[in-house]
Amino acid sequence: MGDRTAFRTCPLCEALCGLELTLDDTGAVTRVRGDVKDPFSKGFICPKGATLGSLDGDPDRLAEPLVNGEATGWDEAFEAVRQGLASVIERHGRDAVAVYIGNPTAHSIAGPLYVAAIVKALGTRNLFTASTADQMPKHVACGHMFGDPLAIPVPDLDRTDHLLMLGANPLESNGSLASAPDFPGRLKAIQARGGKVTVVDPRRTRTAALADEHLFIRPGTDAFFLMALVHTLFAEDLVASPEHLAGRVNGLDDLRAIAVDFAPERVTPVTGIPADVIRRTARELAGAGRAAVYGRIGTCTQAYGTLNSWLVDALNVLTGNLDREGGAMFPRPAHMPVYRRKKPFTTGRWRSRVRGLPEVNGELPVATLADELETPGEGQVRALVTIGGNPALSSPNAARLDRALAGLEFMVSVDPYLNETTRHAHVVLPPPRPAQTPHYDIALTGLAVRDYARYSPPVVPLPDGRPSEAMLLARLAMAATGADGDPAALDEVIITSTLAKATALAGSPVHGREPDELRKMLDSGTSTEQRLDMMLRLGPYGDGFGADPSGLTLTRLRTEHPHGLDLGALKPRLDEVLCTTSGRVELCPSTFAADVDRLHAALGAPQNDGTVLIGRRHLRSNNSWLHNVPELVRGSNTCTLQLNPADAERIGVAAGDTVRVTSRTGTVEAVAEPTDTVMPGVVSLPHGWGHDRPGTRTAVAREHAGVNVNAVTDEQEIDPLSGNAVFNGVPVTLEAVSPAPVS
């Protein structure tokens, strides 16, 4: 038959790049290139995407379910799940089961569509996700400011004249909470049209090196810098009053009063950024024709994560750039109806059992998961469901959680690998290969810097009897209820209820129509595809089930736009987004204003001159889940401890020597990499390594084990407003490890 070509969206990061795959007669992916016809990525590809074939064909990927370490059939595996969960629930109650959702779940169509059904079926309040090790502060900030925690403004990269970027390194990460293929090219385009890119970071990252200006900042102090920018805008009468925000903003005077004490001269000793530079940065931001402030993981994973996330968008409001072309704008995803009924955001509807930490966005902080597993008493978590996550490596003080996992009565994991977490599972349910899996970015198109949609059908058929990822999760949801019927029945329930609500809701494009009539019009594919078709038809570009014959359907997207559909530049849509109680942007929510007391206290406290630890990202890595791809771990060791040459000299180490890093929670030993790209007093270890545990089946990762930075991060340290873990600004001590004596 010969080679054939297929096209799909890369599922490995947030950039949404289109790929062109070459497959042989067996269905193996033999070559991967960028899809030059994709209107969003235009052929851009990174090293991760280029190795999708190796990931797809990895011999360590599990092809069959495991029950107690032995391969078994799917029916037997799901029966073991049903019995294991039922036994724990019957003896200990529903909150004795916890769920952990990992980062890869968001890079799929199945995760966003089915995970909520699993949690609902279990009836537990113990939901944990990677969000509280990543971006939860942004959800909390947007929830309080705009009413919707998913209404996250992204920088309009293609039209801005000035980008101020904090704690982000998109030349390595490909971008995050701002989906933008070829982020490097987009930054260069800002410069080419006469604009400016400023990066604030404790490291001179690849992104900082590309920028027009890089400001070193002491880790964990971004909130002081941002507050000083706010102070300067008010003090120098630089606050804008754009017409499109007139009458739409509450709290301007409250924010002015809060910022009074944060003059640049007062925050300079804390941040390390000179006062005159802070003032100039504020003036440039205010004076730019079109500007955007963008903060990412470095600003979220610290003690002031929510304050940082709030102040980023407060600056976008104060400069008149929120919901404005070239500023910070709200994407309009094709699958999300704009007429849906929304309730204003709230937190703390329940609290964790042991530490009393509040629920945020329906989940509890992963920093307290080990507490819930280890602490005896009523409500102790005794069973765990993990989906696409590796918290035994990625959570703070991961060694403690790893030990706690070993004591569970029952654990089931959905994962393609037997890794550091799933080695503890009694049942492992592996999803199919990427080439066998359909793809539509439900989560990430809501963060794209252009409105865009693309559906990628499977390019290789599933073997007989092999459930799709969607049906695997649907069947897991049914097993959680104690049943084991047709998993497609779950989709039918969701389709029926969604159509009934849509036809009853005023403002819906199908208001007043018969749900049964609409049901018959849906795509003829799988039940998952029918759900997606329904979402697209009800969405802002949809055909409204025939109301707009030129509108979008899944069939049209699949057949007429196989390389993706560009739906245009971002458009102002604040009226669609706002759902606060007041109906206005809340510029100074009371919970944030109260938390500023921590900043005041820190301003008056003696400055800590000790060493602090930060993480870092690599272009050839994504958290812990790509280290088994040979092409991505070749070359020199990247899991090194970067430190400033002055600090290396102080402790007496040179490049290649071993350094012992110690914190409250533990100790690791790492290879020293002195470099002036790290500011003095700061050391950096990458995230996601430490593949040296027994019982795993990831041979390549084991050969390149590295060290786990989360052996020295602290689960007791969190951002109090969001529960997010603190991975940046961790106090540590350094010690040179004496070389072994020569025999």
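**View 1. Strands β22 and β24 of the predicted model pair in the parallel sense.** Three bridges join β22 (residues 641–643) to β24 (residues 667–674). L643 has P674 of β24 as its bridge partner. Strands are DSSP runs of E with at least two residues, and helices are runs of H or I with at least four residues, numbered from the N terminus. Two strands count as paired if DSSP finds at least two bridges between them. This is a predicted model, in which local features need pLDDT of at least 70, side-chain atom pairs count only at pLDDT 80 or more, and totals for chains, interfaces and linings use all residues. Residues are numbered from 1 along each chain as its sequence is written, and side-chain values use heavy atoms, with hydrogens and water left out.

**View 2. Strands β23 and β24 form a hairpin.** Four residues lie between the two strands. β23 (residues 658–662) pairs with β24 in the antiparallel sense over five bridges. V661 is opposite V668 of β24.

**View 3. An open sheet is built from four strands.** The strand order is β11-β10-β9-β13, with parallel pairing. At the edges are β11 (213–215) and β13 (291–295), each of which pairs on one side only. From one strand to the next, the twist averages 15°; axes are lines fitted to C-alpha atoms, for helices over the stretch in contact, and angles run from 0 to 180 degrees between N-to-C directions. β9 (residues 162–166) and β10 (residues 196–200) run parallel and are joined by five bridges. L166 is opposite V200 in β10.

**View 4. Helix α9 lies across β9, β10 and β11.** The helix spans residues 222–235 and runs at about 150° to β9. Contact here means heavy atoms within 4.5 Å.

**View 5. C13 is in no disulfide.** The structure holds zero disulfides, a disulfide being a pair of cysteine sulfur atoms within 2.5 Å. The sulfur of C46 is 5.4 Å from its closest cysteine sulfur, that of C13, and this is too far for a bond. C13 is buried, at a relative accessible area of 10%. C46 is also buried, with a relative accessible area of 10%. Buried means under 20% relative accessible area, exposed over 50%, and partly exposed in between (1.4 Å probe, protein chains only).

**View 6. Residues 3–60 are listed by UniProt as "domain: 4Fe-4S Mo/W bis-MGD-type" in an unreviewed entry.** UniProt positions follow the numbering used here, feature names are shortened, and annotations may be inferred rather than shown by experiment. Over residues 3–60, the chain is 16% helix and 31% strand. The end C-alpha atoms of residues 3–60 are 25 Å apart.
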